[in-house]
Amino acid sequence: MINFKSLQFFHSSKYSFVGVEKQGGIFRFYLPKGFSENIDEFNGFGKKRDLFFLFYKIFDTFKKICIDKDNIDKFVKDRDGIIKFAKGSGIQDDGDNLENIFYSKLDIIGSLLDVYDEPKILSLAYRLGRSDKFDVSQIHKYLHQAVYLPNNAAYVDQMLLPKKVLQFESTDIVSMYCYLFCEVKLQLKENISTEITSLSERFREKYLRSDDSLFDEQSYEQVLDILKDALETIDHNTPIKDADYCQYYEAIELFLYGDLNKQKDGEIWGVSNFHSVWESMCLNYIAQTTNPSLLLHLDPKYVAHRLMESTKISPLINLSNTFDLLNTKLNPDAVIFSPLLSQVKVKTTHYKICDDIHNDYGYKTTFKGIGFKNSKIAFIGQKEGKHTLEKLKEVYPSFPINSRFSSLEVKITSPLPKKEFYSFWAIPEVIDSICLHKMYYFNHLFCIALEKNILDWDSFFKEILSPPPIELVFNISYKDPRTNVFNLSIFRDESAKSLKDSFNNFIQQTTNLYRDLLEVIDVKYLTSNYFCDSKNLEEIKQRSVRKQFVYEYLIQKELEKRQDKLSNLSIQSSFWLPSYRPDDTNLIEDGETFMDGYIQLKNINFAVLAENYIA
């Protein structure tokens with residue numbers, strides 16, 4: 001077992017190894033770059049335990065991806081538990097070595113989990129025995145043994161049915177294994193079947209108290225001693241030790257008695273060249289969260305196969321042959337098309353809205369909670385008398401509320417479905433990111449224009465307001481048969497001039513704040529301090545900046561061939577750097593200014609990214 005009390009956390013600005021290392025009899029857990037500012041926060045049994053299991057899951061996920069991708073010429077594992085495989089990057093820039101090494105000289109967790117076989121466990125735990133119970137569904141199997149009465153009725157006195165009997169044989173070692181398995185799985189925050197949990201509880205009831213835990217600071221040492229005594233007792237009293245017994249006994253023995261102290265100084269468990277793991281974490285997130293049509297290029301080396309399959313659709317811009325240069329295949333980590341609205345960043349991920357008593361001449365479209373006066377939402381085909389909220393609650397969760405003006409609240413957890421709901425409200429004179437985010441979430445008609453790159457009033461009126469279902473016609477009576485919900489309700493207080501002025505103001509402000517661009521992402525296992533240190537400028541130029549210039553140049557030449565509205569797209573390079581912000585739910589934070597902003601430094605929150613990676 002690992003004694004989390006004695007484990008010490010360290011970080012190194014140059015060392016690429018992440019994991020447990022023994023130096024002079026002291027066990028050090030080296031954390032990744034970006035953790036240095038929070039290193040003092042990990043003093044304590046619980047925090048050390050949680051961080052250890054987090055990295056266990058990260059390394060396990062990385063290893064599974066590599067095996068699944070079959071891009072490492074197979075793992076070669078020596079007798080010391082060392083796995084080596086080639087790094088495989090086209091251009092080496094951040095890693096210290098040309099190969100990755102996975103150290104597992106004493107992988108007590110993996111050894112325990114590897115022998116898990118639920119069908120075998122259940123077959124061993126519930127041995128068949130003679131039972132006085134009667135199962136009608138099994139009667140056909142016992143007719144040849146039955147006693148037939150004078151009335152030709154068949155009498156069966158016993159059946160061979162599953163019978164739970166506690167005895168010192170393989171059933172006891174299995175229940176002990178199930179207890180350890182459940183304890184580890186709880187730390188890994190993974191699901192456990194009810195049958196295995198039941199066997200675990202059987203062992204707990206016999207040997208432990210209900211609140212004892214192997215991974216609790218207060219009961220850790222006591223439970224470990226009890227488990228060692230229980231293993232000895234079971235082994236001493238089990239008369240027949242078959243192959244199944246030996247398999248589970250060895251896994252338990254290694255888990256309980258595996259001693260890091262017996263290992264020589266050096267790396268014991270972890271991964272060298274953590275750059276590859278960090279790259280895998282970032283690129284898997286990009287593949288999972290980016291619209292495939294906007295993901296123009298992605299290095300597939302350490303991305304899960306299932307995610308790569310989901311990205312195989314026609315991208316908005318084809319860059320398949322862009323990075324071939326002088327018989328050399330260049331390979332940026334990722335290239336993403338970032339529409340203007342996707343760059344709006346706010347902390348809010350949902351909005352709570354409720355209906356308003358204002359009925360808009362029968363079309364009930366007014367809402368409270370959006371934050372702007374006369375905020376209105378309509379859906380296609382809406383008729384008089386039915387509020388839009390009734391349609392929204394079919395898509396989003398809703399909750400009753402006690403209010404004299406409203407009876408129901410809807411939680412908008414994602415942007416409204418396109419081509420189904422539309423919204424409109426008079427925008428403020430000054431537009432900020434919060435306003436833009438709300439307009440995006442609620443499908444404000446001005447935002448739809450931005451998404452379609454419609455930037456002038458005439459095109460907006462022709463392509464969005466004139467076609468069905470809006471068919472907007474100004475200066476007509478509300479009783480005119482050509483009018484609909486959009487005329488009668490959403491635009492009831494707007495004239496053609498006021499709407500045009502508002503639209504032009506919106507376009508001018510947003511295009512000054514944001515613009516469509518291509519983002520060339522390079523994942524760096526380096527810190528902001530490294531890039532801001534003038535002593536590193538020459539090295540940065542040679543290993544990173546020149547490469548970005550080449551990427552941008554090749555993309556620019558490809559765009560010029562298009563001769564359309566995408567030909568003049570702006571190109572922005574960014575470096576993704578590790579940072580650890582456990583109290584921040586945001587993934588990306590703008591870093592220090594680098595090269596006057598020509599290349600952006602993005603601090604990526606390791607805490608958020610890790611949860612996404614191991615999910």
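**Note on charges and cysteines**

1. Cys435 is buried, at a relative accessible area of 3%. Buried here means under 20% relative accessible area, exposed means over 50%, and partly exposed lies in between (1.4 Å probe, protein chains only). The model is predicted, so local features need pLDDT of at least 70 and side-chain atom pairs count only at pLDDT 80 or more, while totals for chains, interfaces and linings use all residues. Residues are numbered from 1 along each chain as its sequence is written, and side-chain values use heavy atoms, with hydrogens and water left out.

2. How many disulfides does a search of the whole structure find? The search finds zero. The cut-off is a pair of cysteine sulfur atoms within 2.5 Å. For Cys435, the closest cysteine sulfur belongs to Cys447, at 8.2 Å, which is too far for a bond. Cys354 is also a buried cysteine, with a relative accessible area of 14%.

3. The salt bridge count is 22. The rule asks for a side-chain nitrogen of Lys or Arg within 4 Å of a carboxyl oxygen of Asp or Glu. The next points take some of these pairs.

4. Glu451 and Lys418 form a salt bridge, with their closest N and O atoms 2.9 Å apart. This pair links distant parts of the chain, 33 residues apart. Glu451 sits in helix 12 (residues 445-451). Lys418 lies in the loop between strand 20 (408-412) and strand 21 (421-424). Helices (H or I, at least four residues) and strands (E, at least two) are DSSP runs, numbered from the N terminus. Glu451 is partly exposed at 40% relative accessibility, and Lys418 is partly exposed at 43%.

5. Glu309 meets Lys312 in a salt bridge, 3.0 Å from N to O. Glu309 is partly exposed at 39% relative accessibility. Lys312 is exposed at 59%.

6. Asp564 and Arg562 also pair through their side chains, at 3.0 Å from N to O. Asp564 is partly exposed at 33% relative accessibility, and Arg562 is partly exposed at 32%.

7. Which residues are linked in a network of salt bridges? Glu183, Glu201 and Arg204 are linked in this way.

8. Glu221, Asp225, Asp229 and Glu232 form a negative surface patch. Patch members have over 30% relative accessible area and no salt bridge; like charges are joined within 9 Å, and nonpolar side chains (Val, Leu, Ile, Met, Phe, Trp, Tyr) within 5 Å. Glu232 is in helix 6 (residues 220-237). Glu232 is exposed, at a relative accessible area of 55%.

How values were computed
Areas by Shrake-Rupley, 256 points an atom, 1.4 Å probe, with all protein chains shown as cover. Lys, Arg positive; Asp, Glu negative; His and termini not counted. Charge placed at Lys NZ, Arg CZ, Asp CG, Glu CD.
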